[in-house]
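User: I'm new to reading protein models. Could you take me through this one, one question at a time?

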Amino acid sequence: MNRAVFFSRLRLCLLLTLVVAILAGAGYYLHLRDVWARKGQIEPSGGRYFFHRVELAVPSFRQGDDRWRGDFLGPTHNTLGAEGCAVSSAAMVLASYGFDVDPQRLNRFCTEHEGYTPQGWLYWETAAEYEPGKVRKAYEDLPSYALIDDNLSKGNPVIVRLRLPSGITHFVVIAGKQGYDYLTRDPGAGAAKGLYPLKEFGSKIEALRFYEKM
């Protein structure tokens, strides 16, 4: 075999290897996109890798704050301090949009506007009417990494439902991400930690809600 034939075949082999590598990489990328976009319970770390830490300007509200922890939720005798994680999370997100709001005022508004079910569960769309025409409930369904990451990339915090080891559900705000780790503002006992990794709850993300400014 002369040198010209040898190098011609070598170039062909290298080209074929490159094509196979590109196709394999494209296939893996499409697989990841499918995983990211798939809706269902997801781990508290994952999705797109964030090379730079993202921290959104979301204020911290504690559902157990002495100023409102004894307030009732809607038509129930459930208190904001005991079961007000949803309305407190909604208040944090709305406040991040510039609304003059806190859990007490949002709870009062939702109570006066039939914003709770008979069980005391929040109607998320009612909370969006706190300042009419400024924000809308955009999503209330199963989570996906793509939905969470896209919102964070646009500077929009999201609310997720977790399940504590006791079996009780709990809502928190995802207000940032570092690497694969989502960072949370917790209206419950973890509020004193500030912005910290969601994975510390030891729970999968069961559900997702988010608002959008109009």
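**Pockets, pairs and bridges**

User: What is the volume of the second largest pocket?
Analyst: This is a predicted model, where local features need pLDDT of at least 70 and side-chain atom pairs count only at pLDDT 80 or more, while totals for chains, interfaces and linings use all residues. On a 1 Å grid over the protein atoms alone, a pocket is an open set of points where a 1.4 Å probe fits, with protein on both sides within 12 Å along at least five of seven lines; lining residues have an atom within 4 Å of a point. Grid points are joined across faces, edges and corners, and a volume is the space filled by probe spheres set on the points. For the second largest pocket, this gives about 160 Å³.

User: Which residues are closest to the centre of the second largest pocket?
Analyst: Residues are numbered from 1 along each chain as its sequence is written, and side-chain values use heavy atoms, with hydrogens and water left out. The second largest pocket is lined by 13 residues, and the closest to its centre are His170, Asp186, Gly188, Ala189 and Gly190.

User: How many charged residues are in the lining of the second largest pocket?
Analyst: Ala, Val, Leu, Ile, Met, Phe, Trp, Tyr, Cys and Pro count as nonpolar, Asp, Glu, Lys and Arg as charged, and the others, Gly among them, as polar. Sorted this way, the lining of the second largest pocket has 5 nonpolar and 6 polar residues, and its charged residues number 2.

User: How much space lies in the largest pocket?
Analyst: Its lining is made of 23 residues, with Cys85, Ala86, Trp121, Thr169 and Phe171 nearest the centre. By class, 13 of them are nonpolar, 5 polar and 5 charged. The space in the largest pocket is about 550 Å³.

User: Which elements each supply at least two residues of the lining of the largest pocket?
Analyst: Helices (H or I, at least four residues) and strands (E, at least two) are DSSP runs, numbered from the N terminus. The elements that each give at least two lining residues to the largest pocket are helix H2 (80-83), helix H3 (85-96), helix H5 (124-127) and strand E4.

User: How many aromatic pairs are there?
Analyst: Rings of Phe, Tyr and Trp (its six-membered ring) pair if their centres lie within 6.5 Å; planes under 30 degrees apart count as stacked, over 60 as edge-to-face and the rest as tilted. By this rule, the number of aromatic pairs is 8.

User: Why is the pair of Tyr139 and Phe210 stacked?
Analyst: Buried means under 20% relative accessible area, exposed over 50%, and partly exposed in between (1.4 Å probe, protein chains only). Tyr139 is buried at 11%, and Phe210 is buried at 7%. Their ring centres are 5.3 Å apart, and the pair is stacked because the angle between the planes is 10°.

User: Which ring does Lys193 lie over?
Analyst: A charge sits over a ring if NZ of Lys or CZ of Arg is within 6 Å of the ring centre and within 35 degrees of the ring normal. Lys193 is 4.6 Å from the ring centre, and the face it lies over belongs to Tyr196.

User: How many salt bridges are there?
Analyst: A salt bridge is a side-chain nitrogen of Lys or Arg within 4 Å of a carboxyl oxygen of Asp or Glu. By this rule, the number of salt bridges is 17.

User: How many residues apart are Asp150 and Arg48?
Analyst: Asp150 and Arg48 form a salt bridge whose closest N and O atoms are 3.7 Å apart. Asp150 is in helix H6 and Arg48 in strand E1, so this pair links distant parts of the chain, with a separation of 102 residues.

User: Is Glu206 buried or exposed?
Analyst: Glu206 forms a salt bridge with Arg161, at 3.2 Å between the closest N and O atoms. Arg161 is partly exposed at 23%. At 9% relative accessibility, Glu206 is buried.

User: What is the phi of Glu114?
Analyst: Most residues other than glycine have a negative phi. Glu114 is in the loop between helix H4 (103-112) and H5, and counts as exposed at 67% relative accessibility. Although Glu114 is not a glycine, its phi is positive, at about 50°.
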